[in-house]
Amino acid sequence: MLSAVDAEEVEALKRYLVLGAKPGSWHYHSGVLTDQSPEDICTNAVREKLLEYLPQEVPYNVSQIIEMWQEGENGQLDISLKLYVKKEGHMKMLIGQAGQVIARIAGEAGEDLANVFLCDVRLKITVKVKK
């Protein structure tokens, strides 16, 4: 057992990791930040917001499809994403009263993506029941 907060046994963990480390070549160039595609980064950002704002059962039953990924004339990124849910009730929870929940999810995920891609991101999310 260790605690980073109390710094208990952290040195033991460091020693364990250093002893287990083996020299070798890098799998990726030092300039590579991630092996995820931009589309995966986008869907993960939306999934994160779904988990944050919805009851536990809904996000696990949502599938995502990116319908449009386009760079605009002013350098902004326009993304259109469609979410599919299994039940009408889940769609209502996801959209929220007057579209407030889905708008908040799109807004916050768009801000996160703007920070990742270093450009303005316009994220549009639509929801449908998968039949």
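Buried means under 20% relative accessible area, exposed means over 50%, and partly exposed is in between, with a 1.4 Å probe and protein chains only. By that scale F117 is partly exposed, because its relative accessible area is 22%. W69 also counts as partly exposed, at 28%.

A word on the source. This is a predicted model, with residues numbered from 1 along each chain as its sequence is written. Local features need pLDDT of at least 70, side-chain atom pairs count only at pLDDT 80 or more, totals for chains, interfaces and linings use all residues, and side-chain values use heavy atoms, without hydrogens and water.

Next, the rings. Rings of Phe, Tyr and Trp (its six-membered ring) pair if their centres lie within 6.5 Å; planes under 30 degrees apart are stacked, over 60 edge-to-face, the rest tilted. The whole structure has one aromatic pair. W69 and F117 form this pair, edge-to-face, with 5.9 Å between centres and 85 degrees between planes. W69 sits in strand 1 and F117 in helix 4 (residues 100-117), 48 residues apart. Helices (H or I, at least four residues) and strands (E, at least two) are DSSP runs, numbered from the N terminus.

Three strands make an open sheet in the order 1-2-3, with mixed pairing; strands pair if DSSP finds at least two bridges between them. Strand 1 (63-71) and strand 3 (121-129) are at the edges with a single partner strand each, so one side of each has no neighbour in the sheet. Strand 2 (residues 77-85) runs parallel to strand 3, joined by nine bridges. In this part, V85 stands opposite V129 of strand 3.
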